[in-house]
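Reader: I am new to this structure. Can you show me how to read a few of its features?

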Amino acid sequence: MIGDPNCPLCGGVGYLRQDLPVGHPDFGKASICDCRRRAVTEQVRNRLFSISHLDELKDLTFESFKPRGRQGLGPMQAQSLEWAYNHARQYASSMKGWLLLQGSYGSGKTHLAAAIANFAVQMGVPTLFLTVPDLLDTLRFAYDSVDTTFEERFDQIRNVQLLVLDDFGTQNTTGWAQEKLFQIINYRYINKLPLVVTTNLVLDEIESRIRSRLQDPELVTSVRISSPDYRRPMDDMGHSELSSLDLLSNRTFATFMERDDEGLPPGEFKSLQTAVKEAQAFAKKPHGWLVLTGPYGCGKTHLAAAIANYRAGLGDPPLFVMVPDLLDHLRAAFNPNSGTSYDRRFDEVRIAPLLVLDDMGSQSATPWAREKLYQLLNYRYNRDLPTVITVAVDLLKDVDERIRTRISDERICNRVVITAPAFVGTKKRASRK
């Protein structure tokens, strides 16, 4: 590469001869002209931009991001999104340390990460934006490339001034892939080079060596976005398309009838009062699991929906779904015309901040269904994610034994048994003494 032909200093040669006295250590040596240095920098920047595919993400900027989300997003979720937006803008201005953006699919992580990268490129900062699978493919292809060696490409990635790794955790977890990722991240950790990482994983799922770097509070700013899919239509309460809560919007604690006019026996009446009390306490402070069991029609679904509607009213809508509908939703992802992958649908459910599973045990008891439910609930059990489950007492015996053992764990699960029969109206039976 030569210099700028219009350069008044070198006339396009790209080099300058310094006017130095004989005997000076640099006498007779040519120095690179600033015009050539700028051209090299621009060439490097363009090459990185091309590798990053940022031209495909040029519209993902801070200006095009909606800090409070779309209309209908609950206030708590909107605040979470705005918090992440403010952190991303602040990071783009300083590029100090690392920024870790966590959240579910479609929560806005990639938009914010791309906005940081696009801002950096505009400021002339050499930037590399890659999804982690693409990064690994870039390294693999370098083995057979005639334009660059593996070592050159690897060094380029780990030394770039700003590196943005999107979709961390979606890569193939081979030993080679894990080692290359660790080497890149560890190098940037040791040298305190700016790094942005987005992931839908919780930190416990990330390889221990990398996790320890991402948990360094002196280097890493960690931001979790609680917003649901940023791109999906939501109803006025912020429910996703999977949630059935909009169909049960009238099921609240205020509309729940304790049936004191039915003349229920004292034990049955008390079981209803206890169920209401436990459901209200969980709604105010979701923690662990709440499992409501009882006969059909006793009020289990009403109380589960009341919990969900209470949280939605606070701007923190949970995911409420009947188990058979959930399994149908997952199966639909295998349809070639489905616009959403199975992994994405499954992750939406398993990492939901609050999940309400209604009518467990009524689903088809195929091996696939049993395994998916176990995987889902085992994930939430291991991470103590707030979960509400309703199951008819007659069907509890049909629930997978592995799930029953988790429901029986009193350290995490509060199992409430309603002994009252199905609601039959206001007809009086025996008087309560």
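Author: Start with a cut-off: a residue is buried when its relative accessible area is under 20%. Keep in mind that this is a predicted model.

Reader: Is threonine 127 buried or exposed?

Author: Threonine 127 has 2% relative accessibility, so it counts as buried. This residue lies in strand 4.

Reader: What does the side chain of threonine 127 reach?

Author: The backbone oxygen of valine 125, at 2.8 Å.

Reader: Now the sheet. What is the general idea?

Author: Strands of a sheet pair through backbone hydrogen bonds, and the pairing is either parallel or antiparallel.

Reader: How many bridges join strand 3 to strand 6?

Author: Five. Strand 3 covers residues 98–103 and strand 6 covers residues 195–199; the two run parallel.

Reader: How do I read two packed helices?

Author: Two packed helices are described by the angle between their axes and the distance between the axes. Take helix 10 (residues 323–332) and helix 11 (residues 342–350). They pack at about 155°, with axes 8 Å apart. Angles over 145 degrees count as roughly antiparallel. Helix 10 and helix 11 are therefore roughly antiparallel to each other.

Reader: Which residues meet in helix 10 and helix 11?

Author: From helix 10, Leu326, His329, Leu330 and Ala332. From helix 11, Tyr342, Arg345, Phe346, Glu348 and Val349. By class, this contact has six nonpolar, one polar and two charged residues.

Reader: Last topic: backbone angles. What is phi of lysine 192 near?

Author: Near 55°, which is a positive value in a residue other than glycine. Lysine 192 sits in the loop between helix 6 (175–190) and strand 6. Aspartate 359 is not a glycine either, and has a positive phi of about 65°.

Reader: Where is aspartate 359 found?

Author: In strand 10 (residues 355–360). With 18% relative accessibility, aspartate 359 counts as buried.

How values were computed
Residues are numbered from 1 along each chain as its sequence is written. This is a predicted model: local features need pLDDT of at least 70, side-chain atom pairs count only at pLDDT 80 or more; totals for chains, interfaces and linings use all residues. Side-chain values use heavy atoms; hydrogens and water are left out. Two strands pair if DSSP finds at least two bridges between them. Helices (H or I, at least four residues) and strands (E, at least two) are DSSP runs, numbered from the N terminus. Axes are lines fitted to C-alpha atoms, for helices over the stretch in contact, and angles run from 0 to 180 degrees between N-to-C directions. Angles under 35 degrees count as roughly parallel, over 145 as roughly antiparallel, 65 to 115 as roughly perpendicular and the rest as oblique. Contact means heavy atoms within 4.5 Å. Ala, Val, Leu, Ile, Met, Phe, Trp, Tyr, Cys and Pro count as nonpolar, Asp, Glu, Lys and Arg as charged, and the others, Gly among them, as polar. Buried means under 20% relative accessible area, exposed over 50%, partly exposed in between (1.4 Å probe, protein chains only). A polar contact is a pair of N or O atoms within 3.5 Å; within protein, one must be able to donate a hydrogen and the other to accept it, and residues adjacent in sequence count only if both atoms are side-chain atoms.
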